[in-house]
Amino acid sequence: MAERGGGFGRGFGRGRGDRGRGDRRGGRRGPRRDEEEKWVPVTKLGRLVKEGKIRSLEQIYLFSLAVKEHQIVEAMLGPQLKDEVMKIMPVQKQTRAGQRTRFKAFVVVGDGNGHVGLGVKCSKEVATAIRGAIILAKLSVIPVRRGYWGNKIGKPHTVPVKVTGKCGSVTVRMVPAPRGAGIVAARVPKKVLQFAGIEDVFTSSRGSTKTLGNFVKATFECLLKTYGFLTPDLWRETRFSKSPFQEYTDLLAKPAKALILEDVDKEALV
Amino acid sequence: MAQKMGGLSQKEADVQMMLAADVHLGTKNCDFQMERYVYKRRSDGIFIINLGKTWEKLQLAARVIVAIENPQDIIVQSARPYGQRAVLKFAQYTGAHAIAGRHTPGTFTNQMQTSFNEPRLLILTDPRTDHQPIREAALGNIPTIAFCDTDSPMKHVDIGIPANNKGKHSIGCLFWMLARMVLQMRGTILPGHKWDIMVDLFFYREPEEAKEHEDEEAPVAEYTADYTAPALALPGDQWGADIPDAQWGAPEPSAIPAVPALAASDWPGTAVPIAAEGWDTAPAPLPPAAEWNAASMPSIPAAQVPGWDSAQPGWTPEA
């Protein structure tokens with residue numbers, strides 16, 4: 001057991017980025033298609049999304065609604081959402097019969113246009129861990145605010161302000177960069193920033209960046225803060241609107257089972 | 001406010017009732033956020049709550065409750081026994097959803113649970129003992145209303161109603177008032193009239209008390225049930241006015257001394273349709289001892305109205 005654990009560790013250590021990508025991509029097969037179609041929403045938000053009442057993630061962010069079902073995010077961003085396994089880290093626990101190894105998967109998900117998510121999942125098998133991490137990543141999708149370095153020509157391409165995020169001992173600092181600078185960062189945060197849709201940025205990091213888990217979480221934290229920063233163009237008073245739960249309260253009042261039965265009947269007819 | 005010629009304004013009458021129920025008595029400690037509601041500290045150390053402010057906060061809370069379009073989205077909760085009966089009755093009369101007893105952690109956050117519920121509003125009797133629902137509501141964007149004593153923590157409580165949440169009369173009185181305000185604002189009850197439901201219905205009954213009451217009522221159950229049939233069959237808003245049959249008008253109120261509560265209290269004036277529905281759902285969660293009143297006349301459908309004349313002799317209480 002100990003040897004196997006060691007072997008895995010070395011193997012994975014070497015093929016961290018590339019090997020992981022290739023292997024895991026191939027691992028997914030057909031049978032999953034069935035499960036994906038039959039999504040029965042459990043939460044109110046889920047039901048609204050399934051009905052199509054909520055069109056964009058921004059409506060969800062506006063009211064700070066908790067996203068508990070990953071299908072919600074898939075319904076909004078679906079095809080543009082790409083995921084990438086950053087690392088599979090074997091972690092071990094000591095038992096009297098040797099070590100108990102589990103695999104921790106770090107997955108970054110994003111559409112390259114202002115939304116990123118980070119998921120971390122530990123499981124006894126690599127595939128399960130990855131699958132779980134992807135789901136968690138989708139649940140944690142965050143909007144990223146982009147701005148300009150100088151002249152406001154074209155689309156926003158960089159971070160609007162200098163921001164910094166910290167996790168553990170790792171701090172990541174992002175500084176706005178002029179167009180054409182590209183993402184000036186280490187391999188790990190570069191991935192995350194690419195998924196976020198940031199084109200140019202200068203970064204600086206501190207602490208034990210070797211710990212990938214903390215490094216990735218720190219950049220994620222940093223991106224989270226971009227929308228938390230009050231800039232003068234946000235000074236205007238907000239005009240409050242009805243929360244989707246209030247707006248669609250009649251639709252939500254209908255018991256979920258009734259809606260499901262309706263759907264089933266429709267399918268049966270067709 | 002100067003007292004009017006004979007009567008008191010609604011607010012003054014309410015405040016008098018609250019004084020009688022000891023709503024104004026706080027505790028020996030005062031939380032800094034509750035200081036604004038305190039009038040004075042008594043010589044024996046107890047803080048006195050300003051009931052005028054309590055009344056205004058009750059109004060505010062009632063407005064919020066009325067603003068929720070679907071009353072089923074409101075959850076009223078009490079872990080403590082003193083508040084359980086009040087909470088159930090409140091839910092019955094306003095159409096809310098009651099949770100009496102233990103709040104299973106995760107009801108508002110764990111979507112996998114069977115009891116998963118996503119309410120739009122939460123009403124609690126005590127922020128200290130009901131701290132778990134407060135925490136979960138904070139995670140789920142649920143506004144919270146709570147009856148706060150002078151020493152209650154106000155963390156995550158959006159509308160705190162300063163009141164005594166320790167005494168059973170106090171809790172009952174508050175919920176009764178809140179229910180009445182809500183019904184008045186909705187237009188179900190007219191503001192001038194007295195609400196037919198007695199406050200006593202909202203008070204907590206000790207198990208021995210409830211048992212005694214049950215023992216008294218048991219032999220009289222069937223007999224009184226027959227009497228209640230006519231009462232139920234009659235649409236409420238014709239109480240005093242169009243009584244087609246003179247026969248039941250007289251005996252009904254006087255000949256049932258054993259069931260004063262039934263005749264007077266369990267009969268919301270204009271709220272018949274609402275109450276009927278409420279009774280459909282109410283009997284199940286109610287503790288049997290305290291609720292024989294409601295249980296003895298559960299889902300009596302309005303269809304029985306035309307037929308009661310002929311059906312009366314053969315009518316048996318559905319229990």
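Just after helix α4 of chain A, A:Gly52 takes a positive phi of about 90 degrees. Helices here are DSSP runs of H or I with at least four residues, strands are runs of E with at least two, and both are numbered from the N terminus. This is a predicted model, in which local features need pLDDT of at least 70 and side-chain atom pairs count only at pLDDT 80 or more, while totals for chains, interfaces and linings use all residues. Residues are numbered from 1 along each chain as its sequence is written, chains are lettered from A and ligands numbered from 1 in the order in which they are written, and side-chain values use heavy atoms, with hydrogens and water left out.

Buried means under 20% relative accessible area, exposed means over 50%, and partly exposed lies in between, using a 1.4 Å probe and protein chains only. The buried residues of α4(A) are A:Lys44, A:Leu45, A:Gly46, A:Arg47, A:Leu48 and A:Val49.

A:Lys44 leads on to chain B. A:Lys44 forms a salt bridge with B:Asp73, with the closest N and O atoms 4.0 Å apart. A salt bridge is counted when a side-chain nitrogen of Lys or Arg is within 4 Å of a carboxyl oxygen of Asp or Glu. Across the interface of chain A and chain B, the rule finds one such bridge. Five residue pairs are in polar contact between the two chains, both residues being at pLDDT 80 or more. A polar contact is a pair of N or O atoms within 3.5 Å; within protein, one must be able to donate a hydrogen and the other to accept it, and residues adjacent in sequence count only if both atoms are side-chain atoms.

On the side of chain A that touches chain B, α10 (244-247) and α11 (249-253) each supply at least two residues. By class, that side has five nonpolar, four polar and three charged residues. In this scheme Ala, Val, Leu, Ile, Met, Phe, Trp, Tyr, Cys and Pro count as nonpolar, Asp, Glu, Lys and Arg as charged, and the others, Gly among them, as polar.

The contact takes 12 residues from chain A and 10 residues from chain B, where contact means heavy atoms within 4.5 Å. The area buried between the chains is about 1,000 Å², and carbon and sulfur atoms give 43% of this area. In chain A, A:Lys44, A:Lys68 and A:Thr249 lose the most area to chain B, together 46% of what that side buries. Buried area is the accessible area (1.4 Å probe) that two parts lose on being put together, summed over both.

Over all chains, the count comes to 12 salt bridges. Within chain A, A:Glu84 pairs with A:Lys191, the closest N and O atoms being 3.4 Å apart. This pair links distant parts of the chain, with A:Glu84 in strand β1 (residues 82-95) and A:Lys191 in helix α8 (residues 187-196), 107 residues apart. A:Glu84 is buried at a relative accessible area of 10%, whereas A:Lys191 is partly exposed at 22%.

A UniProt record, from an unreviewed entry, places the feature "domain: S5 DRBM" at residues 81-144 of chain A. UniProt positions are given in the numbering used here, feature names are shortened, and annotations may be inferred rather than shown by experiment. Over residues 81-144, chain A is 22% helix and 59% strand, and the end C-alpha atoms are 15 Å apart.

Chain B has 12 helices and seven strands. Buried residues make up 49% of its 319 residues. In chain B, B:Glu56 and B:Lys11 meet in a salt bridge (3.4 Å, N to O). This bridge joins helix α2 (residues 51-67) to helix α1 (residues 10-20) of chain B, its two residues being 45 residues apart. B:Glu56 is partly exposed at 47%, and B:Lys11 is partly exposed at 25%.

B:Thr125 lies in the loop between β5 (121-124) and α4 (131-139) of chain B. B:Thr125 is buried, with a relative accessible area of 3%. Its side chain makes a polar contact with the side chain of B:Ser78 (3.3 Å). Leaving out residues up to four places away in sequence, B:Thr125 touches several others, including B:Gln77, B:Val87, B:Phe147 and B:Phe175.
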